[in-house]
Amino acid sequence: MDEGKAALYAATIGFAAAVIGAAAGGWASWKAARHGADAAVRAAVEQVKGQAKNEHAHWIRQERLNAYRIVLQACTDFMTAVQRLETQALAGTNTDELHQLLEQRLRDVELSTSPLHLLGPSAVHAAALRLLAEADSTVDALTGWEYLGDNTEAVNDLRCRKALATQAALTFTEECRAVVGAAGD
């Protein structure tokens, strides 16, 4: 074999090695790039899932907080109406309009508690149902008592029911605070 053929064989083998080496290197680079891209996609998908979960939890907290505020405002309005009716009934003045107002405030409490069944949790819903029951009981104590002035039994019954309604409102507030947290938590 002469030097020319040996150089040609060496050049052919060198070229083939360079092509094979470039192909192997390219394949390895492609494989690494694909692995990196897959990892980036998985990370992005996980981030989006986590963000969606956090956004949903935030939305639920906001909806609950809004519903709880509405119930507490309805309860405050109800208790104010009870106090006004009690004051006028003890004074012996006509309470017909206040009875109608009290019935409306009771309906407001009832309407405000209805979304809590959907928003949960069940402990808050149960506390809201107890609050509604105590409010209804308070209205029952006032129904039929046009004049409370000399009726000690009726006055005591009303005050007891008001205390139970107040306690139910406090329990409801505590259950709400356990769900949404208190300022400074």
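The model is predicted, so local features need pLDDT of at least 70 and side-chain atom pairs count only at pLDDT 80 or more, while totals for chains, interfaces and linings use all residues. Residues are numbered from 1 along each chain as its sequence is written, and side-chain values use heavy atoms, with hydrogens and water left out.

Let's start with valine 82, which sits in helix α1 (residues 3-91). Helices here are DSSP runs of H or I with at least four residues, numbered from the N terminus. Leaving aside residues up to four places away in sequence, valine 82 touches Leu102, Thr138, Leu142 and Lys162; contact means heavy atoms within 4.5 Å.

Lys162 is also one of the buried residues of α5, along with others including Ala154, Leu158, Phe172 and Cys176. Just after α5, glycine 181 takes a positive phi of about 85°.

What about the cysteines? A disulfide needs a pair of cysteine sulfur atoms within 2.5 Å, and the count comes to 0. The sulfur of cysteine 75 is 11 Å from the closest cysteine sulfur, in cysteine 176, so it is too far for a bond.

Buried means under 20% relative accessible area, exposed over 50%, partly exposed in between (1.4 Å probe, protein chains only).

| Residue | Relative accessible area |
|---|---|
| Valine 82 | 0%, buried |
| Cysteine 75 | 8%, buried |
| Cysteine 176 | 5%, buried |

Technical notes
Helix = DSSP H or I, 4+ residues; strand = E, 2+ residues; numbered from the N terminus.
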